[in-house]
Amino acid sequence: MIKVIELFAGIGSQREALKRANIEHEIVAISENDKYASKAYVLLHGPTNNLGDIKNIVRLPKADLWTYSFPCTDISLAGKMKGFDKGSNTHSSLLWEVQRLLVVAKEKNELPKYLLMENVKNIVTKKFMPLFHVWLDYLDSLGYKNFYKILNAKDYGIPQNRERCFMISIRDKDAHYEFPKPTPLTKKLAELLENDVDEKYFLSEKLITCFTDMNDRHGLNLQEGGHQLVWFSLTWSLELYQQTIGRLYRQGQKSKSVVVTRIVAKDTIDEDVIRALDKKERTQDALIEAVKAHVKGGKANGNN
């Protein structure tokens, strides 16, 4: 049995993964500061030793595996991309609290054999790769061999185009690891959605307007920006959501911008809905209504 510590635990996705993989384990501690996530964690997994805010943890219990899916807020394309530089006080810079705890663990001769990281794929792009290499070099100095790769949820049985960077670090310089090979997608998103969903799980009209307005939420005038992205999500349950991408197109000399929205994972959605959403002539309001109708079950569930 391996002993596990979940840092930035959220609702316990790594713990759930261990369960589904039939890996015998014991969660000796977690670190989660959000009260709602902590409450959900207990509801899903039972009472757990939650050490709270990682910044206040002096030393972690001895364990074989640490998971540390630190906040992607300042790395993701959907955020302001302020980065995760040490001392920057961004949410994503909490990664360096993991370094601090590794230093303590090394002093006590209690370094875990395994480390597991998950974050958005933007962490290995040109903007953030230099700092990511700093982290890799630090782990290497502790004796870890690192294996990382971008994996897409749709390649592992989930009908969602969700790319994430996963990294396994093994404290053994002779270690070898291969990521699971992709498997054929056999499910459609409509097969997983509930037909009747409480209104509270949908974005409010105010938020939808905020996310799709020509002035994006960072205060930039997208009408002057040409081909820029407007991101928004329509949420219909606690676990399942569907991202849509809006692109702004200049039309003629008047530079009139029209938001053209499409479902990301085209191979998982009813083709009639895709064709309707891909019509560039459709207005922003019509697109939003079409996506909302689809998410609520409409076309994809055969209710029209």
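Which residues does Leu102 touch, not counting residues up to four places away in sequence? In this predicted model, Leu102 touches Trp66, Leu111, Pro112, Leu115, Trp135, Tyr138, Leu139, Leu142 and Tyr144, where a contact means heavy atoms within 4.5 Å.

Residues are numbered from 1 along each chain as its sequence is written. Because the model is predicted, local features need pLDDT of at least 70 and side-chain atom pairs count only at pLDDT 80 or more, while totals for chains, interfaces and linings use all residues, and side-chain values use heavy atoms, with hydrogens and water left out.

Leu102 also belongs to the residues with the most contacts inside the largest nonpolar core, which has 38 residues; such a core is a set of buried Ala, Val, Leu, Ile, Met, Phe, Trp, Tyr and Cys residues joined through side-chain atoms within 4.5 Å, and buried means under 20% relative accessible area with a 1.4 Å probe, protein chains only. Helix α4 gives the most to this core, with 7 residues.

Strand β6 (residues 163-170) is largely enclosed by the rest of the structure, because 6 of its 8 residues are buried. Helices (H or I, at least four residues) and strands (E, at least two) are DSSP runs, numbered from the N terminus. Two strands pair if DSSP finds at least two bridges between them, and the table lists two partners of β6.

| Strand | Sense of pairing with β6 | Bridges |
|---|---|---|
| β4 (residues 114-120) | antiparallel | 7 bridges |
| β5 (residues 145-152) | antiparallel | 8 bridges |

Within these pairings, Val120 stands opposite Arg164 in β6, and Asn152 stands opposite Glu163.

Terms used
Buried means under 20% relative accessible area, exposed over 50%, partly exposed in between (1.4 Å probe, protein chains only).
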